[in-house]
Amino acid sequence: MQHYSYLVKWYSSQEEITKVKQSYFEACGVKGLLGLIDGTMVPIKGVTGADEPAFICRKGYSAINCQFVVDYDGQFRDVVIKYPGSCHDAFVYSNSTLKQTMEADPVAGFLFGDSGYGLSPVMITPFSPAITPEEMFFNQTHSRVRSRIERCIGSLKNRWRCLHKSGGTLQYSPTKCCSIIYTCVLLENMCNSLGLEEPDNVVASDDAVGNTEMITDNNSTENNSNFYHVGRRQINQIRLGLTRRNDLKNYMFANRHPHVL
């Protein structure tokens, strides 16, 4: 399997980064977007023993919480497949190599994530709540663009039905289940690279559409009571994220793009 790991890889050159950002800009008027991130649950057989509660997801079944990032072409660019179902998407991202990679070079660009993720310069989430026309327009665009990753996850689970609960559950140890999921992602990217058609009747990923737990934010850092409970570095990240999102919102509204993905 390691021989095919090149099929899922983060951008390795400035040319790749420039190309994907240009593609998003031409399609939806978003400057600096590198990809879309989301988590989804893959059901596995019940785990016995002391670890059992850790694998129970918010929907009440045993699962692996998988983090996926896709690019403009729908290729999986980064995956994290190792955490039990009880882990929140924000926790998975916070402990990922991808977060470290992106924060090391925030100028390179950012991801679009749902409100389950924390706002930062490299993770742009929607306004919660959206009040002004500019914020509402931003959220509408953000949602339409992010729908692509939901379709990608749906296609993955439809082509490889063992990943969807309608196909049962993976009847192996959590470690082996993670290997199977990763192999399916490799094969999905291979199918996309070869130009194979997407499966008919793609099922919407019922776990890919945001978390029920929402991380809210305000435009003013002074009014956000959550700041008292987080470290100084995280406060700074949120402030920088607010600035980047506001700049992006203002630009997108002033240059409203006629076409969205």
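## Overall make-up

The chain of this predicted model has 261 residues, and buried residues make up 50% of them. Its secondary structure comes to 7 helices and 5 strands, and these elements follow one another from the N terminus in the order α-β-α-β-β-α-α-β-β-α-α-α.

When the contacts in the chain with a separation of 6 or more are considered, 70% of them are between residues 24 or more positions apart.

## The nonpolar core

In soluble globular proteins, nonpolar side chains tend to be buried together. In this model the largest nonpolar core has 57 residues, and the members that touch the most other members are Phe 68, Ile 81, Leu 111 and Phe 112.

Which residues are in contact with Ile 81, once its neighbours within four places in sequence are left aside? They are Ile 64, Cys 66 and Phe 68, together with Cys 178, Ile 181, Tyr 182 and Val 185.

## Helix α5 and its two partners

Helix α5, which covers residues 133-159, packs with helix α7, residues 232-254, at an angle of about 90 degrees and with the two axes 9 Å apart. The angle makes α5 roughly perpendicular to α7. On the α5 side the contact is formed by Pro 133, Glu 134, Glu 135, Phe 137, Phe 138 and Thr 141, which meet Arg 245, Leu 248, Lys 249, Met 252 and Phe 253 of α7. Sorted by class, this contact of α5 with α7 has 6 nonpolar, 1 polar and 4 charged residues. Thr 141, which belongs to α5, is buried because its relative accessible area is 1%, below the 20% cut-off. Beyond residues up to four places away in sequence, Thr 141 touches Cys 28, Val 30 and Met 252.

Helix α5 also packs with helix α6, residues 174-193, here at an angle of about 105 degrees and with the axes 10 Å apart. This angle makes α5 roughly perpendicular to α6. Ser 155, Leu 156 and Arg 159 of α5 make the contact with Cys 184, Val 185, Glu 188, Cys 191 and Asn 192 of α6, and by class it has 4 nonpolar, 2 polar and 2 charged residues. Ser 155 counts as buried, with a relative accessibility of 3%. Although Ser 155 and Glu 188 are 33 residues apart in sequence, their C-alpha atoms are 8.6 Å apart in space.

## The two sides of helix α4

Helix α4 covers residues 97-104, and its buried residues are Leu 98, Lys 99, Met 102 and Glu 103. Seen down the axis of α4, these residues fall within an arc of 125 degrees, so they line one face of the helix. An α-helix has 3.6 residues a turn, so residues three or four places apart point the same way.

The buried residues of α4 pack against strands β1 (33-43), β2 (63-70), β3 (76-84) and β4 (110-112), and also against helices α3 (89-94) and α7. The face turned away from this buried side carries the exposed residues Thr 97, Gln 100 and Ala 104.

Val 69 lies in strand β2 and is buried, with a relative accessible area of 1%. Its C-alpha atom is separated by 4.4 Å from that of Ile 37, a residue 32 positions away along the chain.

Leaving aside neighbours within four places in sequence, Asp 71 is in contact with Tyr 11, Val 20, Tyr 24 and Arg 77. Asp 71 and Tyr 24 are 47 residues apart along the chain, and their C-alpha atoms are separated by 9.2 Å.

## A cis peptide bond

Most peptide bonds are trans. Ser 128 and Pro 129, however, are joined by a cis peptide bond, with omega about 0 degrees. Pro 129 lies in the loop between β5 (123-124) and α5.

Definitions and conventions:
Residues numbered from 1 in each chain as written. Predicted model: local features only at pLDDT ≥ 70, side-chain atom pairs only at ≥ 80, totals over all residues. Heavy atoms only, no water. Axes fitted to C-alpha atoms, helices over the stretch in contact; angles between N-to-C directions. Helix = DSSP H or I, 4+ residues; strand = E, 2+ residues; numbered from the N terminus. Parallel < 35°, antiparallel > 145°, perpendicular 65-115°, else oblique. Contact = heavy atoms within 4.5 Å. Nonpolar A, V, L, I, M, F, W, Y, C, P; charged D, E, K, R; others polar. Core = buried A, V, L, I, M, F, W, Y, C linked by side-chain atoms within 4.5 Å. Buried < 20%, exposed > 50% of the residue type's maximum accessible area, 1.4 Å probe, protein only. Arc of directions from axis to C-beta.
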